Amino acid sequence: EITLRTPQALACMSAIAKEVPQVVVGAGTVRNPVDVLAAQQAGARFLVSPGFTPALAQAAQEARILIFQASQQPRAGFDQRGNSRHRSRGWHGIVS
C-alpha cells in the first residue's frame, strides 16, 4: 500500500506495477473518485480509504477495484476538507 499523501505516490505505484508485476500494489488514503481512477491507472489493484462515502464506493465499483475502509466505524466519512472523521484503523472490505 502506497499512500496518496505524497506527490510521488502515483509515479511510485506505476513503477512498482511495471517493474515488479508479481507485487500486488495498493493505494492508501484514497479520498474521492478522482483518487480511485488515478490509483487504478497507476496500477493499484486495491484501495484503502480512511473514510467512506457513497461516491467513493460507486467509483470503486465502476472501476471494478476492491476498496477497504480503514476505520472501525462503518459510517466514518470525511469532513468538508476531505479529512477523515475517524482515525482508528481496522480493515473492512467494502465493494469491488
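This is a predicted model: local features need pLDDT of at least 70, side-chain atom pairs count only at pLDDT 80 or more; totals for chains, interfaces and linings use all residues.

Visitor: Why is Gln58 called partly exposed?

Guide: Its relative accessibility is 45%. Buried means under 20%, and exposed means over 50%. The value lies in between, so Gln58 counts as partly exposed. Gln58 sits in helix H3, residues 54–63. Its C-alpha atom is 8.2 Å from that of Pro33, 25 residues apart along the chain.

Visitor: How do you know that H2 and H3 are roughly parallel?

Guide: They pack at an angle of about 25°. Angles under 35 degrees count as roughly parallel. H2 and H3 therefore take that label. Their axes are 8 Å apart, and the crossing is right-handed.

Visitor: Which residues make the contact?

Guide: From H2, Pro33, Val36, Leu37 and Gln40. From H3, Ala55, Leu56, Ala59, Ala60 and Ala63.

Visitor: What makes up this contact of H2 with H3, by class?

Guide: Eight residues are nonpolar, one is polar and none is charged. Pro is on the nonpolar list.

Visitor: What makes the largest nonpolar core?

Guide: It has 18 residues. Members must be buried and joined through side-chain atoms within 4.5 Å. Met13, Ala27, Val30, Val36, Ala44, Leu47 and Ile65 touch the most other members. Helices H1 (9–19), H2 (33–41) and H3 each supply at least two residues. H3 gives the most, with four.

Visitor: Which residues does Leu47 touch, leaving out those up to four places away in sequence?

Guide: Ala27, Val30, Val36, Ala39, Ile65, Leu66, Ile67 and Phe68.

Note on methods:
Residues are numbered from 1 along each chain as its sequence is written. Side-chain values use heavy atoms; hydrogens and water are left out. Buried means under 20% relative accessible area, exposed over 50%, partly exposed in between (1.4 Å probe, protein chains only). Contact means heavy atoms within 4.5 Å. Axes are lines fitted to C-alpha atoms, for helices over the stretch in contact, and angles run from 0 to 180 degrees between N-to-C directions. Angles under 35 degrees count as roughly parallel, over 145 as roughly antiparallel, 65 to 115 as roughly perpendicular and the rest as oblique. A crossing is left-handed if the near helix is turned anticlockwise from the far one by less than a right angle, and right-handed if clockwise.
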